[in-house]
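Student: I have a chain open on my screen and would like to go through its contacts. Can we take the strands, then the rings, helices and charges?

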Amino acid sequence: MRRKTFLSFLFAFLLILSGCRSPAVTQNQPSTQPNSTETAPGSQPPNEDNQPVSTPGKLVVHFINVGQGDSILLQLPDNQTMLVDAGPNEAGSAVVSYLQNQGVKKIDYLVASHPHADHIGGMDNAIQAFEIGKVYMPRVTANTQSFESVLRSLRAKGLKITPAKAGLTILDQNGLKINFIAPCRSGYKDLNNWSAVLKVQYGGTSFLLTGDAHAESEQEMLASGADLSTDVLKVGHHGSYSSTTPAFLKAVSPEYAVISVGAGNDYGHPHQETLTKLDNAGVKVYRTDRDGTVIFASDGKTLTVKTLGNTIMPRAPNVAAAAPVVPSGGGYIGNKNTHKHRREAGRDRGIQFNEL
């Protein structure tokens with residue numbers, strides 16, 4: 001019965017599928033606003049006393065603290081909104097509350113970077129809570145409750161999915177350009193390399209949001225000739241050693257980096273190798289496990305950044321054990337902070353691997 005259910009969702013998914021350096025960052029003005037009241041995702045908003053920070057004419061990018069996972073809210077200069085990922089399942093209600101606190105009524109552009117539960121687990125909450133415009137996802141499926149919940153929510157609202165792939169532009173108007181840099185091809189053994197990578201340019205400032213893209217995808221982005229240079233890099237795969245290769249980091253050459261990561265996670269994220277590379281490159285690093293939600297604002301010329309305070313999150317859930325996935329093209333790799341691969345067994349999956 002479960003297989004039938006999954007196949008029906010897969011069929012529905014296929015049916016609804018239709019389908020570089022900023023020259024003028026003149027000043028950076030970091031500021032810190034401590035917030036000691038932040039609590040666990042799912043119980044209260046991550047920053048319940050946070051006030052809306054959107055300003056017409058500015059691009060505001062919120063790297064929301066969701067524990068071990070990614071969720072990024074972009075408030076565009078024309079007052080439209082984009083949500084890239086929605087954290088793990090237990091963060092769904094917190095993400096919804098955070099967006100509501102920011103005055104969000106509609107998510108004009110919803111992007112699921114890839115089907116891992118720590119990126120899409122809370123997305124069904126967001127789909128149900130807000131009016132949704134366009135939806136972008138890479139053309140890959142996963143045999144998980146989280147993925148099925150996202151499809152079920154999209155289908156309930158009659159929403160179609162536009163495949164996310166390199167070369168696709170979402171917006172290009174009034175000095176704002178948002179386009180996909182990856183995935184560069186249509187088949188990967190590792191689901192992380194399916195990650196939809198977005199470049200967001202506003203005037204002379206830019207952001208690169210890399211999902212969990214690994215070295216293989218980074219090499220493809222380099223080979224594509226795309227302008228990867230950016231001011232703010234959302235570090236790939238929560239700071240895992242498997243991402244942020246030296247050549248990629250050199251091409252991106254960010255001034256700031258943000259690592260979305262949960263305190264005490266089982267994977268040892270962020271890995272010291274990545275932190276060392278960023279430090280050697282002179283990159284200012286913000287981490288959601290230490291800084292809480294990190295917010296950048298751009299008027300097209302100047303970047304400002306503020307953090308919403310140190311946050312002590314509860315131990316992050318072991319996503320690999322809780323949410324096994326099976327990509328359409330093969331298995332996955334498991335993860336531990338030992339950096340060793342391991343075979344896992346579990347419900348509704350055959351042989352599974354997960355990878356750091």
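Student: Which way do β2 and β15 run, and how many bridges join them?

Tutor: They run antiparallel, joined by five bridges. Two strands count as paired if DSSP finds at least two bridges between them.

Student: Before going on, where do the coordinates and numbering come from?

Tutor: This is a predicted model, in which local features need pLDDT of at least 70, side-chain atom pairs count only at pLDDT 80 or more, and totals for chains, interfaces and linings use all residues. Residues are numbered from 1 along each chain as its sequence is written, and side-chain values use heavy atoms, with hydrogens and water left out.

Student: How many residues of β2 are buried?

Tutor: Five of its five. Buried means under 20% relative accessible area, exposed means over 50%, and partly exposed is in between, with a 1.4 Å probe and protein chains only. Both faces are covered: L59, V61 and F63 are buried on one side, V60 and H62 on the other.

Student: Rings next. How many aromatic pairs are there?

Tutor: The count is seven. Rings of Phe, Tyr and Trp (its six-membered ring) pair if their centres lie within 6.5 Å; planes under 30 degrees apart are stacked, over 60 edge-to-face, and the rest tilted. F63 and F296 make an edge-to-face pair, 6.1 Å centre to centre with 85 degrees between the planes.

Student: Where do F63 and F296 lie in the chain?

Tutor: F63 lies in β2 (residues 59-63) and F296 in β15 (residues 294-298), so the pair ties together parts 233 residues apart in sequence. F63 is buried at 0% relative accessible area, and F296 is buried at 0% as well.

Student: Which residues form the aromatic cluster?

Tutor: F63, F207, Y256, Y286 and F296 form one cluster.

Student: What lies over the face of Y286?

Tutor: K284, at 5.3 Å from the ring centre. The rule for a charge over a ring is NZ of Lys or CZ of Arg within 6 Å of the ring centre and within 35 degrees of the ring normal.

Student: Helices, then. Which residues of α2 are buried?

Tutor: In α2 (residues 92-101) they are G92, A94, V95, V96, Y98 and L99. Those residues pack against several elements, including β2, β5 (106-111), α4 (123-129) and β15. Contact here means heavy atoms within 4.5 Å. After α2 comes G103, with a positive phi near 80 degrees.

Student: And which ones are buried in α6?

Tutor: S217, E218, E220 and M221 are buried in α6 (residues 215-224). Seen down the axis of α6, the buried residues fall within an arc of 160 degrees, so they line one face of the helix. The arc is taken from the directions from the helix axis to the C-beta atoms.

Student: What do the buried residues of α6 pack against?

Tutor: β9 (176-182), β10 (197-202) and α7 (246-252). Just after α6, G225 has a positive phi of about 85 degrees.

Student: Last topic: how many salt bridges?

Tutor: Seven. The criterion is a side-chain nitrogen of Lys or Arg within 4 Å of a carboxyl oxygen of Asp or Glu. E216 and R185 form one at 2.2 Å, N to O. E216 is in helix α6 and R185 in the loop between β9 and β10, 31 residues apart.

Student: Are E216 and R185 buried or partly exposed?

Tutor: E216 is partly exposed at 37% relative accessibility, and R185 is partly exposed at 38%.

Student: How far apart are E220 and R185 in their salt bridge?

Tutor: 2.4 Å, N to O. E220 is buried, with a relative accessible area of 16%.

Definitions and conventions:
Helix = DSSP H or I, 4+ residues; strand = E, 2+ residues; numbered from the N terminus.
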